[in-house]
Amino acid sequence: MAIEAATSALIGLRAVTDQERSSILEPVVGAFARLQSDLLPLVRFGDLDVQFVEPPATGRALPGEVAHAARAIVRSSVLAFADRSEARRVRIQWDCDGLNLLIGIRDDGAGELSAHDDSIRPIVERVTALDGAIAVSSTPGWGSSVDIRLPLDPPAEPEPLPQFSQLSMRERDVLRLLASGARNAEIAEELLISVNTVKFHVSNLLRKVGARNRAQLIATSR
């Protein structure tokens, strides 16, 4: 009983911490600087020349969840470019139009990248889960580009169905990412929680919704 009580308390504390982190605003320039720091090892020790075009200093501050997701999306995109030996240079640009974070990533590779590539598909799913938009274009011999729009304000959520009214905010986040096709590790990275915590939330979701498996849970949520 003591272990269960301690576990519940820790999970509750983590949920509160996650909610506070998601509500924190990051200046767009500061969020971009953190991205540069994240990619520093690749720039320093890799063969890929990564160029950064900084956003305007007057841009609107980013919600913590958007800033974190944007950095993860850019990291995944740059790694997708780096996996192609033809690419020697990648250019990363951020901008903000007041309503959206605009991300542009371009390389000088063979120009064969598409939204259907295995390396890009998880990025498409993550952008879609954030109610954003992504476009991948390529010109053979000239390179590929990924253009992303992430809204800074979350869309209005519809009234939950009766079977979902008892779900916590964190459980709804997990369910939303499950419905987008994200795996446990991807959900953990997106929500800044451990994989074991994701499994715990999925187990609770199955019990509360009355679903027998993940597929049924996802189907019920749609």
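Trainee: At 30% relative accessibility, as what does Leu-192 count?

Mentor: Buried means under 20% relative accessible area and exposed over 50%, with partly exposed in between (1.4 Å probe, protein chains only). Leu-192 is at 30%, so it counts as partly exposed.

Trainee: What kind of model is this?

Mentor: Residues are numbered from 1 along each chain as its sequence is written, and side-chain values use heavy atoms, without hydrogens or water. Local features need pLDDT of at least 70, side-chain atom pairs count only at pLDDT 80 or more, totals for chains, interfaces and linings use all residues, and the model is predicted.

Trainee: Phi of Leu-192 is near what value?

Mentor: Most residues other than glycine have a negative phi. Leu-192 is not glycine, yet its phi is positive, near 60°.

Trainee: How far does helix H8 reach from its first C-alpha to its last?

Mentor: The expected span is 1.5 Å times one less than the number of residues. H8 (residues 195–209) has 15 residues. Its reach is close to the expected value, at 21 Å.

Trainee: Which residue follows H8?

Mentor: H8 has buried residues that include His-201, Leu-205 and Val-209. The residue after H8 has a positive phi, near 80°, and it is Gly-210.

Trainee: Is Ser-77 buried or exposed?

Mentor: Ser-77 sits in helix H4 (residues 64–82). Its relative accessibility is 0%, so it counts as buried.

Trainee: The backbone oxygen of which residue lies 2.9 Å from a polar side-chain atom of Ser-77?

Mentor: A polar contact is a pair of N or O atoms within 3.5 Å; within protein, one must be able to donate a hydrogen and the other to accept it, and residues adjacent in sequence count only if both atoms are side-chain atoms. The backbone oxygen at 2.9 Å from Ser-77 belongs to Ile-73.

Trainee: Leaving aside neighbours within four places in sequence, which residues is Ser-77 in contact with?

Mentor: Contact means heavy atoms within 4.5 Å. Beyond the neighbours within four places, the partners of Ser-77 are Ile-105 and Ile-123.

Trainee: What is the angle between the planes of Phe-32 and Phe-52?

Mentor: Rings of Phe, Tyr and Trp (its six-membered ring) pair if their centres lie within 6.5 Å; planes under 30 degrees apart count as stacked, over 60 as edge-to-face and the rest as tilted. There are 2 aromatic pairs. Phe-32 and Phe-52 are edge-to-face, with centres 6.0 Å apart and planes at 85°.

Trainee: How far apart in sequence are the parts that Phe-32 and Trp-94 tie together?

Mentor: Phe-32 and Trp-94 pair edge-to-face, at 5.2 Å and 65°. Phe-32 lies in helix H2 and Trp-94 in strand S4 (residues 89–96), so the pair ties together parts separated by 62 residues.

Trainee: Which residues form one aromatic cluster?

Mentor: Phe-32 and Trp-94 are both buried, whereas Phe-52 is partly exposed at 24%. The cluster consists of Phe-32, Phe-52 and Trp-94.

Technical notes:
Helices (H or I, at least four residues) and strands (E, at least two) are DSSP runs, numbered from the N terminus.
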